[in-house]
Amino acid sequence: MFRLVPGARLRYHYGRPCMNILLISTNRNVHPMPVMPIGVCAVAESCERNGHAVKLVDLMFDRDAAASIGAAITAHRPDVVGLSVRNIDNNDMRDPVFFLNDLAQLVNAVRKTTGAPVVLGGAALGVMPEAIMRHAGVSCAVVADGEYVFPLLVDRIAAGGPFDDIPGVALLNQGVFSQTGAAPQGSLSGCIAPDYHRWVNVGAYRAHLAAAPLQTKLGCPFQCVYCTYRRIEGAGYRLCDPEAVAEAVTRLVVSGIRDIEFVDSVFNAPREHALAVCEALARRDHRARLQSLELNPAFIDDELLTAMEQAGFVGIGVTAESASEPVLRGLRKGFTRLQLVQAAEVVRRHRIPCAWIFLMGGPGESQETVRETLDFAAAVLRPQDVAFFNVGIRMYPGTELERIAREEGYFNLSPQDMLRPLFYVSPSLSAAWIMDEIKRSLAGNMSFLSSDSLNLSFLPSIHRIGYLFGLRPPLWKYTRRIRRTLRMFGMDV
Ligand code: B12
């Protein structure tokens with residue numbers, strides 16, 4: 001199925017092929033801020049450990065992607081090219097941006113310069129592998145932990161196959177899609193913390209107030225109707241050893257990276273594991289500024305927040321989505337309004353800055369429930385805390401939300417046609433009405449934000465200026481100050 005570049009001579013080390021591998025991180029999206037490509041860096045380091053010569057091209061700050069790809073291929077002469085694909089679109093109903101046309105162009109740029117096999121990987125592939133592969137015209141993808149699967153795949157490419165006994169591989173063979181079983185689940189051996197300086201321009205990310213990502217676990221057992229995380233990471237937890245997490249944080253700080261963001265699907269579940277991670281961190285004098293935007297309100301209590309403060313957290317986010325009981329039920333969030341109110345009371349007793357994230361328009365949403373959520377944010381949250389409101393929920397094939405929407409007669413596209421952004425808004429109201437309500441609330445609450453705020457074309461400049469003035473991540477901590485300043489200059493933000 002795959003042919004190596006004609007005439008390519010493979011080197012062998014103890015009977016294993018040593019190949020030239022070119023990895024390309026294709027994400028160029030700087031909203032809400034550029035994110036460091038942890039996944040592809042982990043794949044790069046794993047390939048090196050397996051004896052391959054690896055070059056990684058990160059296109060995030062690149063002006064001419066095609067030229068950079070051409071130059072890297074000429075210099076590195078890859079036997080295999082791997083493209084990392086993070087985002088399908090920007091998840092923003094108000095101003096949708098579809099990123100995958102760029103991907104097709106990047107694949108063409110690769111193929112213009114080399115006949116080496118092309119493999120896709122990244123979070124987006126975990127969401128809609130078949131549609132993305134067809135769209136990009138690529139016949140092989142990794143839909144699991146790349147640091148484990150990609151080296152196995154590369155060995156098989158060198159051997160000419162077979163591929164069907166490697167877990168987590170998706171293939172398009174003469175137009176027919178197939179996917180091998182999921183990668184093995186179980187506990188994780190360590191904690192992925194790549195040496196970012198080797199692979200990406202850390203200074204450029206830092207100047208945009210980006211924090212380095214780190215995971216304390218994989219997997220998500222929650223059943224939220226819209227979510228894809230279970231498909232990407234599996235429903236069962238795979239926990240990192242808390243000491244390995246603390247060690248990884250220390251290593252990043254020693255390498256000069258102090259701003260670190262935990263990117264678990266949910267940071268504080270299982271609660272005991274989150275506590276153990278915090279305790280391991282608190283025992284070290286690491287000097288990192290830690291954050292996580294993914295806290296479940298059901299597991300927020302004084303003990304956890306105290307532990308997080310002692311561990312070095314400087315900002316947390318709570319994914320509330322709604323403060324209305326019927327909507328929380330409709331979204332299958334697994335917690336109640338009462339638990340949300342209790343979480344807000346706990347947060348009030350602590351000093352750690354907090355961002356509350358809401359997703360308006362889900363199943364069961366009505367004018368009354370929208371007002372209930374906005375009133376909750378204005379009355380119950382600490383005034384200095386940030387409330388972020390998003391309108392419309394991106395629908396993905398295979399989710400409960402897709403089923404609900406089809407039942408409601410919302411759309412009749414085939415699952416493959418859901419690649420372009422498609423959003424759900426409860427039939428009882430319109431997105432425009434919700435946005436108007438949010439705008440009204442934003443006018444009276446300087447710490448409120450909407451998706452419009454995150455899409456401001458000059459947001460990257462705010463990051464850079466903020467950095468020069470000594471601000472450090474997360475930027476949302478400064479929402480009130482920034483909004484007030486911009487309004488003083490006559491901007492309607
Ligand atoms: C944390 C997170 C964020 C944080 C990031 C913080 C940070 N400092 O990095 C924040 C909140 C900022 C964020 C923002 C956005 N996010 Co986000 N985010 C995530 C989340 C939860 C984890 C991502 C992560 O870091 N994973 C850990 C690493 C190790 O995994 P990984 O990158 O997937 O890499 C592994 C594999 O994919 C594979 N792999 C990766 N590259 C390659 C390459 C090759 C060749 C191979 C073989 C394998 C391979 O191996 C890696 C190691 O195992 C995912 C959901 C999820 N559970 O994955 C969504 C997710 C990635 N985000 C998504 C989106 C849409 C966005 C936004 C566009 C919109 C938004 N919701 O805000 C922005 C875009 C930001 C940007 N500039 O690009 C989508 C992307 C897919 C899609 N549906 O379009 C996801 C999948 C969630 C979803 N809705 O389905 N996000």
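## The chain as a whole

The chain folds into 20 helices and 20 strands (DSSP runs numbered from the N terminus, H or I of at least four residues for helices and E of at least two for strands). Its radius of gyration is 23 Å, close to the 23 Å from the globule rule for 493 residues, so the chain is as compact as a globular protein of that length (taken over C-alpha atoms, the rule being 2.2 Å times the number of residues to the power 0.38).

This is a predicted model, where local features need pLDDT of at least 70, side-chain atom pairs count only at pLDDT 80 or more, and totals for chains, interfaces and linings use all residues. Residues are numbered from 1 along each chain as its sequence is written.

## Burial

Of the 493 residues in the chain, 47% are buried (20 or more other C-beta atoms within 10 Å of a residue's own; exposed means 12 or fewer, partly exposed in between, with C-beta atoms placed from the backbone).

## A look at helix α2

Helix α2 covers residues 65–76. Its buried residues are I69, A72 and I73. Down the axis of α2 these fall within an arc of 100 degrees, so they line one face of the helix (the arc is that of the directions from the helix axis to the C-beta atoms). On the other side of α2 you will find A67, T74 and A75 exposed.

What do the buried residues of α2 pack against? Their partners are β3 (20–25), β4 (53–58) and α3 (100–113) (contact means C-beta atoms, placed from the backbone, within 7 Å). Just after α2, R77 has a positive phi of about 45 degrees.

Note on methods
The expected span of a helix is 1.5 Å times one less than its number of residues. Two residues are in contact if their C-beta atoms, placed from the backbone, lie within 7 Å.
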